[in-house]
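Let's take a walk through a protein model together. Have the sequence and the 3D view open, and follow along piece by piece.

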Amino acid sequence: MANRPWLKVEQLHVSVEGTDILKGVDLEVRGGEVHAIMGPNGTGKSTLASALMGHPKYEVTEGRAWLDGEDLLAMKVDERARKGLFLAMQYPSEVPGVSNANFLRLALNARRGEGNEIPVLQFHRQLQKQMAALDMDPSFAERYLNEGFSGGEKKRNEILQMAMLKPRIAILDEIDSGLDIDALKVVAKGVNDLRGPELGVLIITHYQRLLQYIIPDRVHVMMQGRIVRSGGRELAEELEARGYDWLKQELGIEDHTVASQS
Amino acid sequence: MTVGQAMRVDRAAVERWAQERKEPRWLREWRLASWEAYERLPAPKLERSDLVKRGFGEVRLPSSAAAAAGPDGGDRKGPEVAGGANGQSAAVFSGAGAPALELQGSFTNRGVYVADLSTAARERENVVRQALGSVVSPGENKWTALQSALWNAGLFIHVPAGVRVKMPFLAAYRMDEPEMPVFPRLLVVVEDGASLTLVETWSGSDVEGSPGVTAAGIAECLVGAGGEVRVATLQDLPGTATGFVIRRARADQDARVDWAIGEMGEARLVAEYGTELAGPGSGSDAKVVALGTGRAHFDLTLRMVHRGRFTQSDILARGVALDRSDLVFRAVTVIEKGAVGTDGHQAEGLLMLSPGARANAIPMLLIDENDVKADHAASVGKINPEQIYYLMSRGIAEEEAKRLIVRGFLDPVIDRIPLVGVKEQMERLVERKMSR
């Protein structure tokens, strides 16, 4: 595809079970860029990820979003995925009885579209290659989807899916949580290998640690359901060194969570 | 009387029916005694199944003309659900009457005997007379009595001692003629050290404007010491059908009976399956897959009765309720006094796929002996929306995501079915029901 991926979010307001969480988020991510959204817990970061993917519990009350110029919010969840949006989830579901490989092949074929299914042999070769790159035991292909996986294994499996599905825009929601340093490096390498003009990445994290391994182009800080500060990678370094309090003081924010303000 | 004309059942009708089939006197008397028991017994009560309200007294018998026409008179289609006899040994029933028998080598030599049950009652009087009603007694309840009086699609299989038949035998019941109730009666005697694999299918399709078929079946299976029997059943009847089934085996010393049961479709069905583990060291497993669609009502009882010492049983049942279907699973493990060293397990899981679907799991352990192992697990739940969201977030459409989850839920049972052909048929049926 010649055109670069493009995600645009404008004044997005989202509520969950009647509580307003996001209160006007603006964001633009293009192919080749890695954006990081940082911020303390409870500021709405994961809500942004889930709302963009279309989780039924998250209701967009205002604002718009486009994927490659198309109205993202008008699409069903599976349609968003087929158009190239990917969300590596913080808590991936377990689906007993469905093997990882079978699931991935179905997902990949759904993404490629009818009549363009991947030949079985080619699929398995690709899968083995990607699993090896992520340091995953080959047995994971035949294990049931996420069932009995450790936290780290689930995260790796998310990156494996991303590598196989080759999305245009990938959102990584707290992909670093619960990972030890070795696993973190493997996951980061997996993401870095995919970087390129064909992929835009949005990383959600509240630790700077991950950003030492996946160097972002843009860093956004979220508080009270809004992006309150954006900058280059040096912003992440500054937060690493000084924490969030100085920023809160500068902005006159006492409670950074979304709950305080409505 | 023309084919299909209704006729109220009474004692005279039972007598006439026996005569038309040229049944021996003892069998006629057995039917009549069963009829009397039917008239005497109170209507059975089953919690959670309104089926009992249906008047079984209104059962219609085929006229003599229809009986004379028999199965050869009509268009004999292969059973859809079983994919036809396809060169395997089979008894194919088109409605009531004698079956079309197709017997290959393993069922014609080494003393193996297969015949329509009425014929067998003449030709093999001793063994049939002794076995018939010995596992499921006519007087057990009103329905068993009625079935014993009126069975009209009978089959007898006898495997002599030491003869091990590897090829599966197919008993296929095609139930398309709504005016005729189909009452399959299956009697299987497997002697010491012998073995048999049996596949039984019930299928039918809706006939426009018809009141629907009534089916009542009893299968009895006697397994001698060290014998082995595997029974697979597949039921796929339409929404207009009403059915009542008991399939029960009795296992002697060290005998094995393994069940693979698939209940699909939209019918109202009350069914009981199980094994009496009479001899020491005998064992029985049951794998059950149920998938209810439309307004299906399946009331399934799995019953393992431990009578002998060191007997083993394992029930693994999974059911999926779609649309407005209603599934009831009762798993009963009975351990009688003296059955020391018994090992009985049961696990039932039910999944409701739509807001209108209902499901109930009723596990029961009835234990009258101390030195035993027994456990049960039961779960009833709805499909998890997070799982659907997760699969959809990878580009899989909602309906396909549901299918995947259902298949994943049933696969652990289907995977353990030892008969490859049955396993594949079940997979195909599940697939078809899920993609309507």
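A crossing of two helices is called left-handed if the near helix is turned anticlockwise from the far one by less than a right angle, and right-handed if clockwise. Helices (H or I, at least four residues) and strands (E, at least two) are DSSP runs, numbered from the N terminus. With that in hand, look at chain A: H3(A) passes H5(A) in a right-handed crossing.

Before going on, some ground rules. This is a predicted model, where local features need pLDDT of at least 70, side-chain atom pairs count only at pLDDT 80 or more, and totals for chains, interfaces and linings use all residues. Residues are numbered from 1 along each chain as its sequence is written, chains are lettered from A and ligands numbered from 1 in the order in which they are written, and side-chain values use heavy atoms, leaving out hydrogens and water.

Back to the helices. The axes of H3 (residues 100–112) and H5 (residues 151–165) of chain A come within 10 Å and cross at roughly 35°. Axes are lines fitted to C-alpha atoms, for helices over the stretch in contact, and angles run from 0 to 180 degrees between N-to-C directions. Contact, by the way, means heavy atoms within 4.5 Å. Among the residues that touch are Phe103(A) and Leu104(A) from H3(A), and Leu160(A) and Met164(A) from H5(A).

Now find the sheets. Two strands pair if DSSP finds at least two bridges between them. One open sheet in chain A has six strands in the order E6-E9-E10-E3-E11-E12, with mixed pairing. Its edge strands are E6 (85–88) and E12 (226–231) of chain A, each pairing on one side only. E11 (residues 218–223) and E12 of chain A run antiparallel, joined by five bridges, and Met223(A) has Arg226(A) as its bridge partner.

Another open sheet of chain A has four strands, ordered E2-E1-E4-E5, and its pairing is antiparallel. Here E1 (residues 6–16) and E4 (residues 58–67) of chain A share eight bridges, with Val16(A) opposite Tyr58(A). H1(A) lies across E1, E2 and E4 of chain A, at about 110° to E1(A).

Finally, which residues make a salt bridge between the chains? Lys76(A) and Glu398(B) do, at 3.3 Å from N to O. A salt bridge is a side-chain nitrogen of Lys or Arg within 4 Å of a carboxyl oxygen of Asp or Glu, and chains A and B have two of them between them.
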